[in-house]
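Biologist: Can you put the model up? I'd like to go through a few spots.
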Amino acid sequence: MSRNDPTISRQKFIDELMRWRRGSVTRRHFLGVTGLGLATAVMAQAVPGLKPRRALAADLGDTLNFTTWPNYFDPANLEAFTKQTGVAINVSVFGSNEEMLAKLQAGGTGWDVFVPTNYTISTYKKLDLIDPLDLKRLPNYDPSSQDQRFVKPGTIDGTVYAVPKDWGTTGYVVNTAKVKGEMTSWKQFWDRTRDDLSGRVMVHDYQLTTIGNALKYFGYSFNSIDPKELADAEKLLLDAKPHLFAINSDYQPAMRAGDAWMSVCWTGDGEQLHRDMPEMAYVIGREGGEIWTDFYAIPKSAPHKAAAYAFIDYILTPEVNAREVLAHGYPSTDARTNKLLPAKVLDDPILYPAQELLTNLEFGAAATLTDPNRAELMARFKSA
Amino acid sequence: MRWYALAIYVFLYLPIVLIVFFSFNSGRYAMDWQGFSFQWYGRAFANRFAMQALATSLEVGLWTAALSTVIGTLTAIGLERTRGWPRRLFDGLIYVAIMVPGVVIGIATLIAFVTLFGALNPLLAHLFGPDGPQLAMGRATVVGAHVLFNLAVVTLIVRARLAGLDRSLIEASEDLYATPLGTFRQVVLPLLTPAILAGFLLSFTFSFEDFIIAFFVAGPNNTLPIYIFSSIRRGITPEINAIGTVVLIVSLTLLITAQFLLRSRDRAVAGKG
Amino acid sequence: MTAAAGTRDEGRGGGRATTALLLAPASAFFLLLLLLPLAVVIVYSFGERAPAGGYLPAFSFDNYLNLAARGQAFLNTLTLAPLGTLLCALVAYPLAYFLAVRASPRIRTLLLVLVIVPFWASQLLRIYAWLLILGSKGIPALLSLVGIEDLLLVNTRFAVLVGMVYGYLPLMIFPIYVSLEKLDKRLLEASSDLGARPWRTFLQVTLPMSLEGVATGSLLVFILLMGEFIIPALLGGGKVFFIGNALVDLFLQSRNWPYGAAVSIALIAIMLASIVTYMRFVLGKRGQRPNAFM
């Protein structure tokens with residue numbers, strides 16, 4: 001990969017980031033040398049006639065309502081965007097795709113940019129809740145530098161509705177200080193939950209991954225809506241329920257406190273936990289499980305569309321995006337961003353699992369999201 | 001007896017002590033003690049999102065308290081003058097307003113208003129052009145949904161107080177040829193003050209603490225409980241505890257002031273009729 | 001009976017107009033923010049779930065016929081909410097008694113204020129503090145010092161009950177306090193002068209006269225517990241499923257809004273029925289209203 005990048009080399013970027021984090025350089029210096037200043041310039045070009053700050057603020061408005069997942073952005077990036085454009089970002093954080101969809105369906109959200117996962121986008125489109133994206137307004141987004149495995153769900157019938165933010169997997173995190181023996185599969189996950197790890201295991205509080213990973217125990221598809229297969233999964237879930245510590249998608253506090261020893265877990269949470277507590281190991285079940293892409297999209301009802309485009313364009317600028325990845329710990333889909341990341345990140349097996357593990361993973365399916373039987377199964381599981 | 005009381009106070013204050021204690025933690029996660037530091041207070045005040053949420057909650061809380069108190073008081077007085085089915089109807093509505101769970105009122109209000117706004121907005125656009133005013137979910141809708149519950153509560157409190165009023169005072173005032181409005185201003189209102197103050201405080205608290213109604217009807221606005229809820233999804237930081245501590249100190253001040261005001265009048269705030 | 005001004009000199013028409021004016025703002029609120037949303041809930045409850053979730057207009061009773069699918073959640077709520085109310089009353093009564101009868105009047109106000117102060121700190125933060133107290137580094141760690149190992153307290157019904165008692169204790173203490181405080185102390189003195197033991201005095205004089213406060217507090221706490229969802233979600237770890245949690249899931253996760261609407265109506269109906277029954281049989285008098293809110 002090229003070291004004579006016109007803006008800044010990977011090593012230099014990391015060095016500057018670390019210096020900034022340590023506090024030995026000011027943010028202004030950091031923004032200057034790392035190309036965040038450049039990002040401003042690029043954006044100013046991208047939005048014609050908006051170079052003077054005042055005019056920019058006037059045209060973009062003063063607010064952007066950004067809806068995303070917890071711990072899923074670098075606050076410094078958002079601040080920098082506000083500094084450059086005068087647009088204050090109002091962040092809302094959600095717990096599941098279903099919740100996001102429910103709120104957009106009900107209406108009145110006022111969201112400008114949100115972060116749907118691959119399997120929801122066709123539903124948003126069908127319900128006419130999202131806008132097609134005008135790529136001309138996203139000059140920093142380069143389709144050709146995207147890893148093609150992850151882009152597709154954002155494009156429906158040739159029209160782009162969403163651009164990729166990052167990708168990841170859903171495996172489980174294990175506190176190896178407490179859990180002995182090598183963990184490699186969903187079979188082990190569910191068996192040991194009902195055995196020596198009783199009372200110490202968490203699963204997500206939404207149907208897709210909880211039911212999906214119970215299905216994997218039997219080797220069924222993660223996305224199955226077959227009644228017989230779902231019945232098997234239900235039996236397993238009901239059997240395991242008394243042994244669970246909690247049903248909650250917010251598993252970091254309990255894992256950190258040592259109350260829970262094992263939990264269904266997304267890439268970035270695994271990375272964040274591992275970063276602070278090296279005994280936390282991230283496992284992708286041998287049988288498979290979920291691989292996913294999160295996207296940026298603009299709701300049809302967005303009140304600040306110009307600011308929404310400016311923000312997506314800004315955040316997808318490789319230098320900005322690289323800082324996002326370092327903050328949230330999810331791998332980028334953009335080769336230009338990866339070029340700026342340190343080898344340590346690119347070699348991290350949590351972010352980039354071995355190919356043989358990836359091949360068994362499945363993308364969530366739209367039918368899984370809207371299937372009423374899976375929803376009812378989840379309710380029975382929770383109320384049992 | 002004394003020991004039992006002490007035990008209850010320990011029970012009530014144990015979590016509060018923990019919240020305040022861990023707000024001085026220098027570490028990144030609240031419950032993982034690293035050392036003493038004031039830094040999170042500085043960070044909390046510098047955190048634009050948190051301060052914005054706090055400001056929204058204060059604004060919504062004050063509007064809710066003001067509207068609930070005024071409307072609730074008027075309703076209580078009006079109901080004292082009402083007999084028969086209108087009174088029974090209002091009684092029923094008041095109890096239903098208190099009874100409907102927040103989850104239900106939140107979702108139902110959201111759907112009702114989105115539908116209503118959807119019908120009205122084209123009309124507004126027609127009248128004032130595309131850049132004219134449009135109705136949207138926001139602080140006003142939160143205030144509306146909060147007032148519903150609290151106005152019912154205030155009505156009950158004020159009515160209890162009204163029922164306990166000494167009627168001879170009013171008759172005396174009327175015998176002295178005071179106008180009805182004069183009697184109200186100079187006799188009834190001062191006697192109602194403790195109940196009105198109690199209603200104001202209670203409404204403010206309910207509004208300030210509410211998560212679920214605001215979650216549905218706040219549109220893109222975050223209130224403080226919504227902000228706190230989304231911030232603690234990945235672990236509580238001392239910063240959140242610092243915000244909680246500041247809120248506690250402010251409300252404590254409010255409460256002591258109110259208690260002082262109430263005590264100077266009558267201790268039984270909402271005595272039985 | 002009238003407390004407001006001036007029904008005597010005014011003509012009936014004028015009085016009516018004033019009354020109507022006084023009730024107008026509340027009427028507007030009830031119409032727009034209670035009846036309109038409730039109408040939406042009722043209409044939705046007869047609808048169908050759209051294929052991708054949400055609402056599809058229809059007229060069917062299927063949602064009501066299917067209420068049994070949330071039977072377990074109704075059952076959980078209908079056992080834990082009354083149990084929580086009862087525990088709340090049992091914990092609150094001695095303290096209210098202490099405050100009203102035993103505590104020195106000089107510090108009584110201070111002690112009362114101290115009861116309500118925790119109520120003013122963020123509810124979510126208080127719940128998370130309980131997670132720490134009941135979590136493995138809290139009480140179980142202390143108990144392991146005396147040989148009780150691996151006790152799991154968080155995410156159990158026990159934790160939910162602790163959270164419910166904690167969260168609603170002030171709402172129970174105040175009405176009981178008010179009813180005890182009104183009690184004529186001379187009655188108690190007379191009773192003991194007549195040679196009654198303190199215990200008998202309590203059972204035959206104090207307790208019956210304070211039952212009104214207990215009833216008021218219980219009603220209030222019960223109403224709020226029936227719709228509770230945050231305490232079971234956080235302290236029950238998602239494993240203790242109240243009807244409030246079922247509603248949140250129905251509206252936000254499975255997006256079966258019509259069914260959620262029917263469950264809401266059923267919940268309101270159950271609450272109305274239990275409260276009317278309670279008022280008739282426990283409070284004895286019809287129309288006696290719970291008004292000691294503070």
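Biologist: Which residue of β2(A) does Thr63(A) stand opposite?
Modeller: Thr63(A) faces Ala88(A). Strands here are DSSP E runs of at least two residues, helices H or I runs of at least four, numbered from the N terminus. This is a predicted model: local features need pLDDT of at least 70, side-chain atom pairs 80 or more, while totals for chains, interfaces and linings use all residues. Residues count from 1 along each chain as written, with chains lettered from A and ligands numbered from 1 in written order.

Biologist: How many bridges join β1(A) to β2(A)?
Modeller: 6, and the two strands run parallel. Pairing takes at least two DSSP bridges.

Biologist: What is the strand order in that sheet?
Modeller: β2-β1-β3 in chain A, an open sheet with parallel pairing. β2 (88-93) and β3 (113-114) of chain A each have a single partner, so one side of each lacks a neighbour in the sheet.

Biologist: Switching to helices. At what angle do α11(A) and α20(A) pack?
Modeller: About 15 degrees, with axes 10 Å apart. Axes are fitted to C-alpha atoms, for helices over the stretch in contact, and angles run from 0 to 180 degrees between N-to-C directions. That makes the pair roughly parallel (under 35 degrees).

Biologist: Which residues of α11(A) meet α20(A)?
Modeller: Among them are Leu230(A) and Leu237(A); Leu377(A) and Phe381(A) are included on the α20(A) side. Contact means C-beta atoms, placed from the backbone, within 7 Å.

Biologist: And how many residues does each chain give to the contact of A with C?
Modeller: 29 from chain A and 28 from chain C. On the chain A side, α20(A) gives the most, with 6 residues.

Methods
Two residues are in contact if their C-beta atoms, placed from the backbone, lie within 7 Å. Angles under 35 degrees count as roughly parallel, over 145 as roughly antiparallel, 65 to 115 as roughly perpendicular and the rest as oblique.
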